[in-house]
Amino acid sequence: MSADAHSHDDHHHDPPFWKKYIFSTDHKMIGLQYGITAMLFLAFGFYLMMVMRWSIAYPHQPLPEWMSFFLTDDWKARWLSDGKLTGETYNMFGAMHGTIMVFLGIVPLGFGAFGNYVTPLQIGAPDMAFPRLNMASYWIYLIGGLIMCASFFMESGAAKSGWTNYSPLAGFADGQIVNQWLAGQTQWLIGLVCLITSSLLGSVNFITTIINLRARGMTWMRMPFFVWSMLVTGFLLLLAFPPLEAAGIMQLMDRVAHSSFFMPTGLFTSQTGLAELSGGGSPLLFQHLFWFLGHPEVYVLLLPAFACVSDVIPVNSRKPLWGYKGMVYMVLVLGFLSFIVWAHHMYMTGMGPVISTFFQTTTVLISVPSVVIITSLLISLWGGSIKFTPPMMWACAFIPMFGIGGLTGLPLAFNLADLHLHDTYYVIGHFHYVVAPGILFGLFAGVLHWYPKITGRYMSSWLNQLHFWPSLICMNVIFAPMLLQGMAGFHRRWYNGGDGYLDKIAGKAGEESANIFANTVAQHIDLNILMSMGAWTLALAQIPFVINLFISWKTGKKVESDNPWNATTLEWATPTPPGHGNFTTEPVVYRGPYEYSRADHDEDYLPQWVEPKNKTAASVSQDKAEPAALEDKSDA
Amino acid sequence: MEIPYIVKARKDTGLTNSKIAIWLFLASEVMLFGGFFSAYVFMRIGADYPWPERTLPVLPGLINTFILIASSVTVVFAWAALKLRKWRQFQIFMGATVLCAAIFMCLKAVEYNVKFHHQAVRLNDYSIIEGHLDYKKDKDKNYIKKDGKKIEYNLINIKAESVIFSTVRFHKPWVEQILEQAEEQGSKMVLTEPYQGADGRADAKTTYVEAGTELSLDLLLKIREQHLKARAHNQKLRADALRCAWQIAKDANPGKRGWEISDQVGVDAEKLKPDMLTEMGAISFKIDSAAKLSFKPKNIKEADGQSRLRDDTVIKGKLLESPMKFHHVDAIDFQYLAMKAVQKGIDPMVAIENSWIIQNADFAKEAWEWHCEEVEKLEKELAKQDREPTLKDRYRIGWKEFSKKAEQEGMTDMGDWTILEEFKGPNYAARGEETFPHLAVPRGEIAFASKFVPQWNTYYAIYFTITGLHGLHVIGGALVLGYYLFFGRRMYETNPEWLANRVEVGGLFWHFVDLIWIFAFPIFYLM
């Protein structure tokens with residue numbers, strides 16, 4: 001409503017279409033761009049996974065038409081064999097599924113989209129500190145992503161050495177391509193450097209914005225937990241990504257300048273024989289540099305989900321976030337600890353007991369802040385008057401789902417248990433529980449929570465039910481059996497789901513065999529079909545969400561006010577949707593972010609921006625409303 | 001609402017936006033270069049070859065160090081001038097800064113260029129020879145390309161009888177190169193087998209391309225097109241047939257799981273054959289009078305009888321003598337050989353005596369004997385100070401030693417070396433072949449060869465990566481500072497404080513770039 005009034009203002013001409021929607025410098029539009037792009041990438045990553053799951057469930061059967069009808073015959077002839085997925089293609093899809101989901105999907109959705117849209121609103125800033133830099137981050141991200149994905153259609157195919165891109169495998173993959181710049185494996189690295197540049201610019205922008213553009217009265221301990229999470233995420237991206245960039249550049253040198261950073265002496269491959277390289281490099285160095293990013297990256301994925309849930313839960317339980325200060329300190333501890341746990345991904349490399357003990361200890365330690373945060377969220381529900389609004393359903397599902405993901409990680413922290421579980425489906429099950437039903441559910445909660453602010457309309461609750469329940473069930477159908485298979489010893493990179501290990505003497509398949517492992521595989525292999533069915537059903541379950549996203553934009557129930565959830569944080573003080581510059585009047589903050597159900601207040605919420613009525617009341621000392629002292633106004 | 005704190009600092013943080021941002025950015029840069037420097041440590045500790053110590057000429061690096069430090073000072077003066085609103089002074093100091101950057105990059109370019117043309121080769125016995133290769137000759141004169149450059153002659157020669165291209169993968173420039181070479185020698189390359197039945201079915205007698213057709217790029221492309229068409233067609237047929245077969249098998253075995261019946265299901269190739277198109281995955285060409293084909297060593301995996309190019313082209317034929325000819329040898333290095341000898345429990349001196357180069361090149365034998373005497377002298381000299389010659393002193397005869405030897409023997413009167421030679425390497429023309437002799441190394445003796453580029457060893461890999469990235473930072477910084485210098489006037493007139501802020505931030509970055517060099521210089525040049 002106020003936005004309409006805004007556009008009638010003679011001084012404010014609407015910018016042209018391309019400036020408003022495409023090359024926009026407005027943090028809200030950039031946030032939406034990030035969100036839409038990330039969801040498209042997520043869908044693509046999901047598709048790759050569906051194809052892989054076919055190969056795992058039915059390794060001897062050609063891909064069904066519904067999965068491949070839009071691919072050209074030529075492409076199929078190059079990458080499939082008799083219509084079946086080859087191991088090479090499976091590797092390619094697997095590597096790209098991981099890369100796309102992590103780097104192009106979840107991070108941009110959590111940090112890029114929610115961070116961009118919500119953070120400046122919640123701290124009362126007119127925009128990001130550097131709007132044009134913000135635009136650059138988005139475009140560099142998009143270009144990087146497209147470069148990576150474009151390689152699917154080239155002679156070499158896309159990257160095929162796992163999302164971790166370990167050398168020396170990644171060093172000589174696609175070696176038959178004469179112009180190495182046109183090899184998928186090289187393009188992955190170029191795309192990666194783009195993505196890192198993008199997130200570097202983004203994180204500098206976020207941190208600067210949070211430090212310097214907070215509204216008057218928005219002291220550190222009045223910032224919503226959401227903003228704290230984004231601040232820590234920003235620091236993780238800022239400091240953890242550059243070592244991977246170094247690794248990426250060195251691997252790029254290995255590929256295009258034939259150096260031997262990660263190539264050991266005497267490397268022999270079946271393709272080329274003895275490699276014509278100087279040798280002398282260290283494959284282990286790549287792993288160290290990769291996981292130095294890799295582990296903080298997990299928290300880069302996770303913290304935005306924590307952020308969304310921590311906003312949804314107080315609003316819908318009408319109760320302050322329990323242990324806000326503790327959560328803030330814990331998220332800082334989490335951020336710090338995440339830098340010193342990376343080698344728990346490398347127990348299998350034969351590191352000495354001293355080093356592995358160190359990383360084992362830090363890894364167990366890092367579960368403490370995570371548990372404190374998740375427990376605080378849980379306790380925040382206690383005694384509240386919970387409203388099961390659509391976002392709240394997702395937030396409530398987030399807690400147990402993330403709980404399973406987190407707890408199944410504990411055995412992996414211990415060297416001894418990890419030696420058995422490493423590289424099995426147990427690991428896949430563990431981190432997918434964290435990322436898919438955990439993080440994604442948290443982000444869905446965020447989408448539903450802020451949708452009314454973005455569009456002025458609610459998303460359909462009915463379609464949401466249709467989305468939520470099948471998703472919840474399917475997620476567990478897919479990932480719980482993985483934990484079982486993993487403990488039985490199923491390796492995570494089998495393109496045929498273990499079929500190759502079955503003892504199949506003609507006509508006797510399925511009978512007890514002398515090969516013990518074959519028996520184990522036979523016992524668990526049928527779970528593959530269950531999981532694959534679950535995965536494809538999960539795809540169907542996303543359709544109501546997509547419909548909901550578009551239909552509600554035009555036909556959803558209109559919001560009654562600018563603050564439809566009766567929330568307390570600053571983003572709800574803006575017009576709906578917020579215009580350029582966000583706030584119609586300069587926001588001033590008088591109190592903390594979660595003032596719900598206060599005894600001294602008539603309504604059950606007291607927003608941050610509402611001026612205290614009675615200065616003599618007891619609440620004043622608590623509010624410490626002294627914003628004027630924070631800055632001089634001549635700047636604005 | 002405007003974005004605040006662009007020019008004036010926020011009271012409680014005391015910082016402008018850009019000041020916070022640049023420090024954050026520098027923190028991230030520290031992590032980036034931290035990654036590279038830790039890679040350096042890893043590479044050096046883990047090196048399984050003698051790490052080249054003090055191998056780069058110190059003088060250019062030292063000069064560059066002072067230039068960068070000077071530029072860091074001038075950039076501060078430029079900022080101060082701006083704060084005092086003295087535009088002219090700002091221009092002078094900023095101009096000096098950008099000029100320093102330019103000089104730095106020029107010196108760097110000279111350093112790089114010398115290495116790009118300096119050849120090294122490791123023999124099977126781990127001795128290393130360094131020098132410059134012969135140029136391609138055109139009637140005793142250097143062959144000059146159209147762009148005025150000489151090209152080095154370092155090729156693998158094969159008396160080729162036939163060439164087999166990979167249909168989907170052949171690299172066009174290489175095909176053209178082969179064609180050109182064959183044509184020059186008047187040889188014809190003709191298709192060995194006809195490409196049959198392409199338009200219809202495999203059993204049809206139609207011929208798509210006749211045997212005996214001459215090789216051309218168009219022909220290869222034509223065959224590729226047909227092959228890809230056939231491949232797609234056949235794969236589709238096979239996939240459909242397999243799908244049908246599975247349907248039938250499932251119906252016949254109700255209740256059975258897929259993996260239990262999978263070995264009974266397959267494609268009946270015989271039944272499909274009438275509908276299949278002919279594929280031609282490899283295209284073989286005969287050469288009527290065997291021609292000498294030459295290839296760059298990095299493109300070919302050579303072997304007698306059958307060699308393979310990187311694009312999977314197979315060259316059949318006898319491997320000809322293709323020695324690597326050094327126009328000038330300027331260093332012989334036995335450090336690696338000595339290391340390997342010690343590992344095997346052999347006396348390094350014996351191993352050196354038995355090395356290929358000492359056995360086969362008189363000048364090397366002579367130089368080694370002279371060098372041993374020199375080492376003896378040095379040993380006595382150092383013993384007075386309770387020191388010993390380093391491995392490098394003992395086992396490496398560098399260009400300075402060669403020059404010294406020539407000087408002692410009165411072959412030249414150039415003195416030990418000149419300043420220019422410190423930058424550009426030895427002056428072959430002046431010192432002549434007596435000092436830096438010619439040498440031909442048979443291909444079979446070579447284990448690994450490369451220019452002094454990242455490929456040569458991990459030392460050069462990390463050297464080029466760190467200094468190259470540092471160079472990019474210098475260029476980037478100079479561009480930004482240059483922008484303030486040449487396009488800052490308007491901002492100076494409207495909002496000089498803002499410009500000063502920007503210069504300050506740029507200056508901070510510039511100091512950081514300087515700092516990186518302060519770390520890079522000692523670890524690469526001095527240690």
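Contact here means heavy atoms within 4.5 Å. Keep that in mind for the views below, and remember that this is a predicted model.

**View 1. Where chain A meets chain B.** By that contact rule, 80 residues of chain A touch 67 residues of chain B. Putting the two chains together buries about 6400 Å² between them, and 61% of that area sits on carbon and sulfur atoms. On the polar side, the interface has 18 residue pairs in polar contact, both partners being at pLDDT 80 or more. Which elements supply two or more residues to the chain A side? They are α5 (73-79), β1 (80-81), α9 (184-212), α10 (225-256) and α11 (283-317) of chain A. Among these, α10(A) gives the most, with ten residues. Sorted by type, the chain A side that touches chain B has 40 nonpolar, 22 polar and 18 charged residues.

**View 2. Salt bridges across the interface.** Side chains of opposite charge can pair when their charged atoms come close. How many salt bridges run between chain A and chain B? The count is four. One to look for is Glu65(A) with Arg243(B), whose closest N and O atoms are 2.9 Å apart. There is also a network to trace: salt bridges with shared partners join Arg78(A), Glu155(A), Arg169(B), Arg308(B) and Asp312(B). Zoom out to cover all chains and the salt bridge count comes to 35.

**View 3. Glu586(A) and Arg216(A), a pair of loops tied together.** The side chains of Glu586(A) and Arg216(A) meet in a salt bridge, with 3.7 Å from N to O. Glu586(A) sits in the loop between α20 (543-555) and α21 (619-623) of chain A, while Arg216(A) is in the loop between α9 and α10 of chain A, so the pair ties together parts that are 370 residues apart in sequence. Are the two partners buried or exposed? Glu586(A) is partly exposed at 36% relative accessibility, whereas Arg216(A) is buried, with a relative accessible area of 16%.

**View 4. Arg492(A) and Asp423(A), another link between loops.** Here Arg492(A) forms a salt bridge with Asp423(A), and the closest N and O atoms are 3.4 Å apart. Arg492(A) belongs to the loop between α17 (461-488) and α18 (516-524) of chain A, and Asp423(A) to the loop between α15 (415-421) and α16 (425-455) of chain A; the pair links distant parts of the chain, 69 residues apart. Arg492(A) is buried, its relative accessible area being 16%. Asp423(A) counts as partly exposed, at 22%.

**View 5. Arg598(A) with Asp600(A).** The side chains of Arg598(A) and Asp600(A) meet in a salt bridge, 3.0 Å from N to O. Arg598(A) is buried, at 13% relative accessibility.

**View 6. The surroundings of Thr362(A).** Thr362(A) is part of helix α13 (residues 353-381) of chain A. At 5% relative accessibility, Thr362(A) counts as buried. What lies around its side chain? A polar atom of the Thr362(A) side chain is 2.9 Å from the backbone oxygen of Ile340(A). The backbone oxygen of Phe359(A) also has a polar atom of that side chain 3.0 Å away. Leaving aside residues up to four places away in sequence, Thr362(A) touches Ile340(A) and Val341(A).

**View 7. Cysteines without a disulfide.** The count of disulfides over all chains is zero. For comparison, a disulfide needs the two sulfur atoms within 2.5 Å. Cys149(A) is buried, with a relative accessible area of 10%. Over in chain B, Cys244(B) is partly exposed, at 48%.

**View 8. Gly506(B) in its helix.** Gly506(B) lies in helix α18 (residues 496-526) of chain B. With a relative accessible area of 11%, Gly506(B) is buried. Its C-alpha atom is separated by 19 Å from that of Leu32(B), which is 474 residues away along the chain.

Terms used
Residues numbered from 1 in each chain as written. Chains lettered and ligands numbered in written order. Predicted model: local features only at pLDDT ≥ 70, side-chain atom pairs only at ≥ 80, totals over all residues. Heavy atoms only, no water. Buried < 20%, exposed > 50% of the residue type's maximum accessible area, 1.4 Å probe, protein only. Buried area = accessible area lost by both parts, 1.4 Å probe. Polar contact = N/O pair within 3.5 Å; in protein donor to acceptor, adjacent residues only side chain to side chain. Helix = DSSP H or I, 4+ residues; strand = E, 2+ residues; numbered from the N terminus. Nonpolar A, V, L, I, M, F, W, Y, C, P; charged D, E, K, R; others polar.
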